[in-house]
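Please look through the sequence and the structure below before reading on. The notes that follow are grouped by topic, so that each can be checked against the picture.

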Amino acid sequence: LEIELADRKVVSYLIKRFGIHAKHKLGQNFLVRPDVVRAIAEASEIGEGSRVLEIGPGIGTLTQALARTGAEVTAVEIDQSLGRILSHTLELYKNIHIIYDDVLKLDLNKLMGDKEWHVAANLPYYITTPILLHLVQSDLPISTFVFMMQKEVAERIMASPGTKAYGALTLAVQFYCTSEVVMDVPPSSFIPRPAVNSTVLKLVKRDKPAVEVKDTRLFFRMVKMAFGQRRKVFTNAMKAGGISAEQGKEILAACGIDGKRRGETFSMEEFASLADAWYDLIH
Ligand code: SAM
């Protein structure tokens, strides 16, 4: 008999029966919304013949929804003590493979090879940004990411120039991916309830970066200068970042950008032209 795991009564029962104490420091908040796990699986564009990596299966609620699409599911869980409950909840599914490890330490290149992968997760909130950056900036063969995350982080990813939420994370993700909101999810959808609102975001890896730059590292160094010194006008932020006043002036002149602006107002295209002007100056 196949029971729906992402259900409040089922999760409460399982937690009691297996004596689970959700570990706050591992970001353990279990989803109890069948429609949400289904929406994540659907947004992941998976089905028979596809491969999906799940980060943090917890007690298996989202894992079940992913497996029901027919895809091959590889789930990476850091908490070995969940093994007992996972082998119970997911025993019916032959297309699920669980690895007990830290997703940031696992050799994903080896795991993924050169096949196409999708990634889905209700992310542990304490390491959302490291996981996002690790995966998005890698050259792993991942085409889509569907992630539940803290609403504020989703807003940072989707932010526009000049807003408070706009920052290095916005540019890092938007450089490599397009993004769209799948749905907002309130705290009442989890056991235990998190202190924050959540959003499911879908990221699709672009065929090539959003802007063409001569040197990606210089692009991200410009971004870092701008947001490391958010309150400084960009001329001063560049100085603080190790670019001489004279070089700074030349770079700004070459792209017709006013150095009295703050870097946080620059669009991705402006960062790209700054990085290319810097490149031209030092090559
Ligand atoms: N997928 C389940 C759900 O939706 O109900 C659980 C999601 S819970 C928000 C996050 C899960 O990630 C927990 O099971 C936690 O143990 C696991 N986790 C935390 N840090 C991890 C890491 N570094 N690598 C892999 N899993 C991790």
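This is a predicted model: local features need pLDDT of at least 70, side-chain atom pairs count only at pLDDT 80 or more; totals for chains, interfaces and linings use all residues.

Which residues does Ile40 touch, not counting residues up to four places away in sequence? With that limit in place, Ile40 touches Leu62, Ala65, Ala120, Val146, Met148 and Val200.

**Nonpolar cores**

- The largest nonpolar core holds 56 residues, and of these Ile40, Val52, Leu66 and Val119 touch the most other members.
- Strand β6, which covers residues 142-150, gives the most to this core, with a contribution of 6 residues.
- Another core, made up of 20 residues, lies apart from the largest one, and among its members are Phe219, Met222, Val223 and Met225.

**Around the ligand**

- There are 22 residues around the ligand, and of these Phe30, Gly56, Gly58, Asn122 and Pro124 come nearest.
- The shell around the ligand draws at least two residues from each of β1 (30-31), α3 (61-67) and β3.

**Positions annotated in UniProt**

- An unreviewed UniProt entry places the feature "binding site" at Asn29, Leu31, Gly56, Glu77, Asp102 and Asn122.
- Glu77 counts as buried because it has 24 C-beta neighbours inside 10 Å, where 20 or more are needed.
- Once neighbours within four places in sequence are left aside, Asn122 is in contact with Leu31, Gly56, Leu62 and Met148.

**An exposed glycine**

- Gly113 has its place in the loop between α5 (108-112) and β5 (117-122).
- Is Gly113 buried or exposed? Gly113 counts as exposed because it has 9 C-beta neighbours inside 10 Å, and a residue with 12 or fewer is placed in that class.
- Although Gly113 and Leu140 are 27 residues apart along the chain, their C-alpha atoms are separated by 8.4 Å.

Key
Residues are numbered from 1 along each chain as its sequence is written. A nonpolar core is a set of buried Ala, Val, Leu, Ile, Met, Phe, Trp, Tyr and Cys residues joined through C-beta atoms within 7 Å. Helices (H or I, at least four residues) and strands (E, at least two) are DSSP runs, numbered from the N terminus. Two residues are in contact if their C-beta atoms, placed from the backbone, lie within 7 Å. UniProt positions are given in the numbering used here, feature names are shortened, and annotations may be inferred rather than shown by experiment. A residue is near a molecule or strand if its C-beta atom, placed from the backbone, lies within 6 Å of it.
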